[in-house]
Amino acid sequence: MGASQESRKAAEGLDNKENRENHTSLLKVENLSKSFGTRRMFGQGELIDAVKDVSFELQEGRTLSLVGESGSGKSTIGRMVASLIEPTSGRIAFEGDDLSLLDGAARRALRRRIQMVFQDPYSSLNPRHTVGEIVGSGLAIQKIGPPAGRQAEIIEILERVGLDPAHHNRYPREFSGGQRQRIGIARALIMQPKLLICDEPVSALDVSVQAQIVNLLIELQKQYNLAYLFIAHDLAVVRHISDFVAVICRGRLVEIGPVDEILKTPSHPYTKSLLAAVPIPDPRKARARRKVILKGDAKPSLAVRGCPFAPRCPIVEPVCRETVPPTVSVGTNHRTSCHFPDKKLHPENEHPAA
Ligand code: ADP
Ligand code: MG
């Protein structure tokens, strides 16, 4: 971190002692909900609960992964935390400050500390801008530092993410998918975030490249004490990077816990089903793979009254369709929202303890 960056932080007053001591967690999300209106060709539109009553905390320098099927509301959570969209209800606190209560300047300063890395490194980079312009765009837009000093920062960051700084005058099309994702990471990193929201950052990449990007993110986390909200639609990719995993089903958080416990002793039938669907790369273990039991609609809808997984759950009981399950503790920092957390699935669908 350069001297200019340090003085910038001091000038913003973001790093004062009081601020550091006042928070136990970096990010605290409480009862976060978001509903969207759907347009109908004829008749009334309806509201869908894309995110409903989601609560979690994230500590400095740690990774919480959000997993769940496509359409379960993961990106919507990420976009609310990044202040790209407003929650319908609930609270997001960052370093102890309620995002919704901050005024313009404070909000902008804080938003700088929460950056996003997107899934698609092709569409998220402006093809008409050079890599240097793209990476420095946040500094330029927010008028951070003198323009002359920005170039040095851009070079430093490009090197840090494993790109050749001599290529700063090239255009995104001249880079591979993995390199483009490095550009996206550099663009976020140059803003000196405390929190990076990575929305499926490797989903569009080849498997071999995925590992390189995940490893880069792990290195950067150590170096800069970054926290990650890491969004992925399968559990295989989160194994290496996560400290905690939150499982999202139709907009609701159904289970959260330390990554090892979620993977080895999952509690919620939905988590077990997701695990059963994870392809095991080791061919010797391929036979242990269970048939995928996830059938039916993963999308949120108006009609969900009880547990979001009830329509597809193999151990469903009448109460599950009527009442949202209470959240119960099933281990240290491990909680689940299931009426029957101890009830076994049919052996065929149980996840073998890894
Ligand atoms: P995920 O990232 O888990 O795939 P999303 O958060 O993108 O899920 O979407 C959750 C639900 O919200 C989906 O049903 C999606 O269609 C809906 N949704 C997301 N954004 C909007 C929007 N801007 N307007 C209307 N519906 C939306
Ligand atoms: Mg998404």
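**Fold and packing in the predicted chain**

In this predicted model, pLDDT stays under 50 over residues 1-23. The model has 30 contacts beyond four places in sequence for that stretch. A further stretch, residues 280-293, also has a pLDDT below 50. Beyond near neighbours in sequence, residues 280-293 have 21 contacts in the model. Across the chain, the average pLDDT is 84. A score of at least 70 is reached by 81% of the residues.

The chain holds eleven helices and twelve strands. Of its 354 residues, 49% are buried. The exposed surface comes to about 17200 Å². Carbon and sulfur atoms supply 50% of that area. Contacts between residues at least 6 apart in sequence were also examined. Of these, 67% join residues at least 24 apart.

Eight strands make up an open sheet with mixed pairing. The strand order is β6-β7-β8-β3-β9-β10-β12-β11. Strands β6 (114-117) and β11 (327-331) sit at the edges, and each pairs on one side only. On average, and with direction ignored, neighbouring strands are turned by 20° against each other.

Helix α3 (residues 74-81) packs on this sheet. The strands touched by α3 are β3 (63-67), β6, β7 (195-199), β8 (227-232) and β9 (244-249). The direction of α3 makes about 155° with that of β8. Six of the eight residues of α3 are buried, and the helix is mostly covered. Those buried residues are K74, T76, I77, G78, M80 and V81. S83 follows α3 and has a positive phi, near 60°. Helix α8 (residues 207-224) lies across β3, β7 and β8. The angle between α8 and β8 is about 160°.

Strands of a sheet pair through backbone hydrogen bonds, either parallel or antiparallel. Four bridges link β3 to β9 in the parallel sense. Within this pairing, V67 has V247 of β9 as its bridge partner. Strand β9 is mostly covered, with five of its six residues buried. On to β10, the sense is antiparallel: six bridges join β9 and β10. Here V245 stands opposite G257 of β10. The hairpin of β9 and β10 has two residues between the strands. In that hairpin, R250 takes a positive phi near 45°. Strand β10 (residues 252-258) also runs antiparallel to β12 (residues 334-337), and two bridges join them. E255 has T336 of β12 as its bridge partner.

Helix α10 (residues 269-276) is mostly covered, with eight of its eight residues buried. The buried set consists of P269, Y270, T271, K272, S273, L274, L275 and A276. The crossing is right-handed. From α5, the contact is made by V131, I134, V135 and S137. From α7, I183, A186 and R187 take part.

Q181 also lies in α7, which spans residues 177-189. Is Q181 buried or exposed? Q181 counts as buried because its relative accessibility is 1%, and the cut-off for buried is under 20%. Residues up to four places away in sequence were set aside in listing its contacts. Q181 then touches V117, F118, Q119, P121, P201, L205 and I213.

How values were computed: Residues are numbered from 1 along each chain as its sequence is written. Chains are lettered from A and ligands numbered from 1 in the order in which they are written. This is a predicted model: local features need pLDDT of at least 70, side-chain atom pairs count only at pLDDT 80 or more; totals for chains, interfaces and linings use all residues. Side-chain values use heavy atoms; hydrogens and water are left out. Two strands pair if DSSP finds at least two bridges between them. Axes are lines fitted to C-alpha atoms, for helices over the stretch in contact, and angles run from 0 to 180 degrees between N-to-C directions. Contact means heavy atoms within 4.5 Å. Buried means under 20% relative accessible area, exposed over 50%, partly exposed in between (1.4 Å probe, protein chains only). Accessible areas come from the Shrake-Rupley method with a 1.4 Å probe; for residues, only the protein chains shown count as cover. pLDDT is the predictor's confidence in each residue, from 0 to 100. A crossing is left-handed if the near helix is turned anticlockwise from the far one by less than a right angle, and right-handed if clockwise.
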